[in-house]
Amino acid sequence: MIEQNRNKKFIKDIFIYGVGNLGARLIMFLIFPLYTFFITPDNLGYYNTALMTIFLIMPFVNIQLRDGVFRFLIDNNDENNRKAVINQSYRLILLAMVIASLLFFIVSAFIPIRCGYYILGLLLTMSFYEVQIQIVRGLGHTKLFVGCGILSTFLIAIFSIIFVVCLKWNIEGIFIANILARLFIISYIEIRLSIVRNYFSLRVTDTGIIRMLLKYCSPLIMVVSFMWVIGNSYIYFINYYYGFYEAGQFSTVLKFATIIELLAVIVFQAWQETSVLQLNSKDRDRYYSSILNSYLLLLTGVVITLSFILKSFYGKLVDTEYESSIIYLYVLCVAQMGYALQAFIAAIFQAKKNTMRMLYIAFVSSIVSLFSNYLLIKQIGLMGIAIAYGISFFFMFICYLISVRKTVKISFSTQTLIVSIVALAGGGIIFYHTEQILWRLIYWGLCMIAIYFTFPKTILSGAKSFIIDKYSNFRK
């Protein structure tokens with residue numbers, strides 16, 4: 001019963017985070033084409049570049065407290081200790097925001113920055129918002145956390161219509177829409193939970209808590225930066241060796257493969273919580289292994305399903321100029337498995353508060369990424385970039401797994417590995433060597449049967465129990 005209950009809770013968390021992430025992504029998917037009708041490509045390109053720069057700088061501004069504050073709250077039942085963690089987190093983020101603002105004013109005095117104040121405003125509001133929303137999650141308000149994510153995206157869409165469509169404020173309107181949406185959510189959270197009023201004080205300083213937070217968060221700043229290198233450096237190699245046209249084709253097909261990345265984010269958020277709560281359980285290693293084996297099988301099924309569906313409809317989803325990029329899809333989908341698996345193990349490192357070990361591995365993985373991109377694009381072109389993308393993440397995952405096994409005996413079962421490897425290898429053969437939908441459908445069916453009978457029974461039982469409960473509540 002204990003096993004079934006914790007599996008059901010884990011699946012419930014995946015469902016909740018899934019609703020939030022899918023709802024937010026759907027709204028943004030609908031609003032982005034609207035921008036193209038009112039904003040010129042060069043202006044939209046500048047906004048995307050500014051946003052990418054903000055994401056690169058943001059870990060240094062919020063000191064990755066978004067991860068730290070969640071980790072030190074989720075299994076903390078001492079109200080005084082919670083108050084100390086939140087209070088010192090606020091003090092750190094406010095200090096970092098002041099320093100970032102001063103640096104911006106110094107730089108902008110010598111280098112003119114277009115939309116500079118809007119960029120600074122979005123950087124600061126996003127940094128504070130990320131910490132605030134993780135405090136909500138760490139205090140156990142999961143549904144509020146998910147709801148705020150959806151509401152934030154909905155507000156961005158509404159404000160975008162007002163400022164971009166109606167008032168025609170160009171990209172300045174997008175910046176303002178994003179800033180206002182997050183300010184509204186920060187205010188809404190304060191109205192609901194009174195976090196600042198109950199937990200924050202400028203007069204209280206706890207150097208012990210500050211050192212603890214910085215020790216945990218500081219390595220994660222560089223981990224996120226190295227992950228940015230792994231996930232984005234490919235574009236510079238393609239631009240240098242081939243040009244913007246090929247870069248556009250590759251980026252387009254990668255957008256479809258990142259559907260698996262969305263699944264990885266959803267599972268990571270749920271697993272981040274579960275891995276902490278089960279860290280000291282007696283059967284931790286067996287339970288962790290059970291979830292890891294289930295996840296590998298799930299990813300295998302998703303890769304085959306997604307790639308086969310897109311193979312059948314790709315020509316209807318993209319313009320004819322982009323159709324040839326389909327050849328990279330299967331490799332990129334498999335590569336995204338590496339991203340998902342390394343994130344799974346990263347959550348265990350975070351649960352054990354061993355973030356320094358993550359830093360070393362992320363650094364080496366970023367070097368592997370740059371080297372494999374350089375070597376393979378010269379040898380086999382864009383397919384080499386797709387392969388390098390996978391090599392980087394799977395290398396990172398394997399290093400993580402080897403390292404974490406020194407303290408947590410997590411492992412794959414032989415049966416799971418055989419089914420996944422054979423299914424993926426066969427899927428690649430079918431994907432690249434047959435155009436017959438019938439053969440893809442038959443192979444897909446066989447893979448789903450094999451995956452179902454290999455799936456850990458305790459996880460299936462928890463999933464069935466969750467579905468039955470949801471169906472019963474719906475009928476009522």
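Contact here means heavy atoms within 4.5 Å. The model shown in these views is predicted.

**View 1. Overall fold of the predicted protein, with 19 helices and zero strands.** The radius of gyration is 23 Å, close to the 23 Å that the globule rule gives for 476 residues, so the protein is as compact as a globular protein of that length. Along the principal axes, the C-alpha trace spans about 65 × 55 × 50 Å. Counting contacts between residues at least 6 apart in sequence, 84% join residues at least 24 apart.

**View 2. The largest nonpolar core, which holds 163 residues.** Within this core, I195, I345 and I410 touch the most other members. Helix α14, residues 329-351, contributes the largest share, with 17 residues. Across the whole protein, buried residues account for 54% of the 476 residues.

View 3. Leaving out residues up to four places away in sequence, I195 touches I86, Y90, Q132, I135, V136, L139, I189, E190 and F200.

**View 4. Surface and charged side chains of the protein, 39 positive and 21 negative.** The centres of the two sets of charges lie 7 Å apart. The protein exposes about 22,600 Å², and carbon and sulfur atoms supply 69% of that area.

How values were computed:
Residues are numbered from 1 along each chain as its sequence is written. This is a predicted model: local features need pLDDT of at least 70, side-chain atom pairs count only at pLDDT 80 or more; totals for chains, interfaces and linings use all residues. Side-chain values use heavy atoms; hydrogens and water are left out. Helices (H or I, at least four residues) and strands (E, at least two) are DSSP runs, numbered from the N terminus. The radius of gyration is taken over C-alpha atoms; the globule rule is 2.2 Å times the number of residues to the power 0.38. Buried means under 20% relative accessible area, exposed over 50%, partly exposed in between (1.4 Å probe, protein chains only). Accessible areas come from the Shrake-Rupley method with a 1.4 Å probe; for residues, only the protein chains shown count as cover. Lys and Arg count as positive and Asp and Glu as negative; His and the chain ends are not counted. The place of a charge is taken as NZ of Lys, CZ of Arg, CG of Asp or CD of Glu. A nonpolar core is a set of buried Ala, Val, Leu, Ile, Met, Phe, Trp, Tyr and Cys residues joined through side-chain atoms within 4.5 Å.
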